[in-house]
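Please keep the sequence and the structure in view while reading.

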Amino acid sequence: MAKSVKATDMRLMAKDADDLAIIAACLQDALVPISEVQYLAGEQRFIMLLNRFRWERQPAGRHIPATGKTQPGDASFHDADDYFDTEQRIHCGLCIDKVTSVRSRGVNLKQRGKFLSLLTLQIDGQNLNLVFAGGGVIQLTVSELSLFLSDMGEGWPTQWRPDHEREAAGAGKGRE
């Protein structure tokens, strides 16, 4: 039996830099378990399972566009698709085809219990860079840009909304 696709499921494909920019925006701040990153060399395919923040679903009353600030509040325990008025995360899969090689810098792909925080995707010639917080990069050499992103399962409420202004302000301060 085929899986039914809901109108709320994100399904995107990228074949050029403009398409890639849209996927990169959707995946900003996705959490990536290293155990869910795999290069299938024989298939020239790189796959990742991610836990992405649903930037496209802003709850009413939480986001104040003029200030960029959020109002405090706990997430609901209601099912995310039945209860729209929460910040959400959802599992998604990213498949990148036509990958001829994979290199990494600042990312140890053998640390299978660790998580990465994806910042963006960038294309530079035949190199597709997956850029992570902390300076890590996974670089894929591709013969042609071919990506597919698909949400999987149900979203769930989260009280943690990524806040880059706050994180950048704290970056210069010492931590104890």
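## Overall layout

The model described here is a predicted one.

The chain has 176 residues, of which 37% are buried. The accessible surface amounts to about 10400 Å², and carbon and sulfur atoms account for 53% of that area.

## The largest nonpolar core

The largest nonpolar core has 31 residues, and within it Leu 130 and Leu 147 touch the most other members. Two or more residues come from each of α1, β2, β4, β7, β9, β10, β11 and β12, and the element that gives the most is α1, with five residues.

Which residues does Leu 130 touch, not counting those up to four places away in sequence? Among them are Phe 46 and Met 48, together with Leu 118, Thr 120 and Leu 121, and also Gly 136, Val 137, Ile 138 and Leu 140.

Asp 151 is placed in strand β12, which covers residues 147-157. Is this residue buried or exposed? Asp 151 has a relative accessible area of 1%, and because buried means under 20%, Asp 151 counts as buried. The side chain of Asp 151 is also joined to the side chain of Arg 52 by a polar contact of 3.0 Å.

## Two residues with positive phi

Asp 29 is not a glycine, and yet its phi is positive, at about 75°. This residue is found in the loop between α1 (17-27) and β2 (30-33). With a relative accessibility of 6%, which is under the cut-off of 20%, Asp 29 is counted as buried.

Lys 98 is another residue other than glycine that has a positive phi, in this case near 65°. Its place is in the loop between β7 (88-97) and β8 (99-105). The relative accessible area of Lys 98 is 32%, and because this value lies between the limits of 20% and 50%, Lys 98 is described as partly exposed. Taken side by side, Asp 29 is buried, whereas Lys 98 is partly exposed.

Note on methods. Residues numbered from 1 in each chain as written. Predicted model: local features only at pLDDT ≥ 70, side-chain atom pairs only at ≥ 80, totals over all residues. Heavy atoms only, no water. Helix = DSSP H or I, 4+ residues; strand = E, 2+ residues; numbered from the N terminus. Buried < 20%, exposed > 50% of the residue type's maximum accessible area, 1.4 Å probe, protein only. Polar contact = N/O pair within 3.5 Å; in protein donor to acceptor, adjacent residues only side chain to side chain. Areas by Shrake-Rupley, 256 points an atom, 1.4 Å probe, with all protein chains shown as cover. Core = buried A, V, L, I, M, F, W, Y, C linked by side-chain atoms within 4.5 Å. Contact = heavy atoms within 4.5 Å.
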